Amino acid sequence: MKLYFSSGACSLAPHIALLEAGLPFELEKVDLKAKLTASGADFTAINSKGYVPALVMDNGQLLTEGAAVLQYIADQKPEAGLAPAVGSPARYQLQEWLTFISSEIHKPMGSMFNPAQSADWKAAVTTTLGKRLDWLNKQLEGNEYVLENRFSVADAYLFTVLNWSNFVGFSLAQWPQVQAFMARVAARPQVVVALKAEGLI
Ligand SMILES: N[C@@H](CCC(=O)N[C@@H](CS)C(=O)NCC(=O)O)C(=O)O
């Protein structure tokens with residue numbers, strides 16, 4: 001497998017998942033502005049969507065969209081327990097979490113990096129994100145992780161997109177369970193490996 005990534009971007013989640021699963025993989029960094037890979041290839045020729053994450057699967061085909069990439073990785077090593085079994089009720093709950101993280105947190109939090117974001121737009125995003133984090137904070141009461149209280153690819157994704165709060169001036173201080181979750185995930189040995197590999201710590 002080969003993961004195309006950009007430091008600290010949403011591709012950090014599959015990077016963490018690959019490490020947590022203990023699977024062999026290659027990494028190639030992408031300059032998202034220039035749309036060039038570290039080896040000088042045109043990234044849009046690899047992924048015509050032009051964004052990360054993009055994973056070359058073991059059969060050589062490209063898979064994009066974080067929620068799909070994360071589930072593919074988890075399913076390559078079921079014994080690592082990063083996703084419930086396909087077809088089980090818990091698997092649909094994992095998909096519920098991945099969809100929630102993608103649409104309700106990833107995209108609004110990501111919009112805060114946009115230099116064209118107006119003050120009104122930023123205020124609206126901040127309000128909506130606050131409601132989502134109020135809800136998330138309650139879900140984490142008494143739970144170390146979001147699904148069945150064990151680490152899954154949903155936690156890797158949630159950690160990745162909430163980590164952007166450090167870069168966009170969005171404090172998590174109002175949500176103590178969320179803050180504790182971030183510290184818990186950041187302390188996992190394979191997460192530390194991923195953060196170091198991406199130059200984030
Ligand atoms: N729908 C995609 C969105 C991926 C995405 O937002 N990627 C960002 C980094 S976090 C990116 O590569 N942006 C560069 C661009 O769109 O040109 C997914 O869920 O994987």
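1. A pocket is found on a 1 Å grid over the protein atoms alone: a pocket is an open set of points where a 1.4 Å probe fits, with protein on both sides within 12 Å along at least five of seven lines. Its lining residues have an atom within 4 Å of a point. Grid points are joined across faces, edges and corners, and a volume is the space filled by probe spheres set on the points. By that rule, the second largest pocket holds about 170 Å³ of space.

2. Some ground rules come next. This is a predicted model, in which local features need pLDDT of at least 70 and side-chain atom pairs count only at pLDDT 80 or more, while totals for chains, interfaces and linings use all residues. Residues are numbered from 1 along each chain as its sequence is written, and side-chain values use heavy atoms, with hydrogens and water left out.

3. Start with the domains. The protein chain is divided into domain 1 (2-81 + 190-197) and domain 2 (89-188). These bounds come from an automatic or database domain assignment. The C-alpha centres of domain 1 and domain 2 lie 20 Å apart. Contact means heavy atoms within 4.5 Å. On that basis, 19 residues of domain 1 are in contact with 17 residues of domain 2.

4. Now the largest pocket. Its volume is about 660 Å³. It is lined by 23 residues, and Ala9, Cys10, Val52, His106 and Trp164 lie nearest its centre. Which domains supply this lining? Domain 1 and domain 2 each give at least three residues. Helices (H or I, at least four residues) and strands (E, at least two) are DSSP runs, numbered from the N terminus. Helix H3 (66-76) and helix H4 (89-111) each supply at least two lining residues. H4 gives the most, with 4 residues.

5. Ala, Val, Leu, Ile, Met, Phe, Trp, Tyr, Cys and Pro count as nonpolar, Asp, Glu, Lys and Arg as charged, and the others, Gly among them, as polar. The lining of the largest pocket divides into 12 nonpolar, 9 polar and 2 charged residues.

6. Back to the second largest pocket. Gln93, Glu96, Trp97, Phe100, Trp135, Gln139, Asn143, Val146 and Leu147 line it. The elements giving two or more residues to this lining are H4 and helix H5 (119-139). H4 gives the most here, with 4 residues. By class, the lining has 5 nonpolar, 3 polar and 1 charged residues.

7. Helix H6 (residues 153-162) deserves a look. Buried means under 20% relative accessible area, exposed over 50%, and partly exposed in between (1.4 Å probe, protein chains only). Why is H6 described as largely enclosed by the rest of the structure? Because 10 of the 10 residues of H6 are buried. Among them are Asp155, Tyr157 and Phe159.

8. Thr37 is worth checking. Thr37 is found in strand E3 (residues 36-37). Thr37 is buried, with a relative accessible area of 5%. A polar contact is a pair of N or O atoms within 3.5 Å; within protein, one must be able to donate a hydrogen and the other to accept it, and residues adjacent in sequence count only if both atoms are side-chain atoms. The side chain of Thr37 makes such a contact with the side chain of Glu28, at 2.8 Å. Leaving out residues up to four places away in sequence, Thr37 touches Tyr4, Glu28, Lys29, Val30, Phe43 and Ile46.

9. Asn137 sits in helix H5. Is Asn137 buried or exposed? Asn137 is buried, with a relative accessible area of 10%. Its side chain reaches the backbone nitrogen of Gln177 at 2.9 Å. Not counting residues up to four places away in sequence, Asn137 touches Trp175, Pro176, Gln177 and Val178.

10. The peptide bond from Val52 to Pro53 is cis, with omega near 0°. Pro53 lies in the loop between helix H2 (43-46) and strand E4 (54-56). Lys35 has a positive phi of about 55° although it is not a glycine. Lys35 lies in the loop between strand E2 (26-31) and E3, and is partly exposed at 29%. Asn149 also has a positive phi of about 55°, and is not a glycine. Asn149 is in the loop between H5 and H6. At 36% relative accessibility, Asn149 counts as partly exposed.
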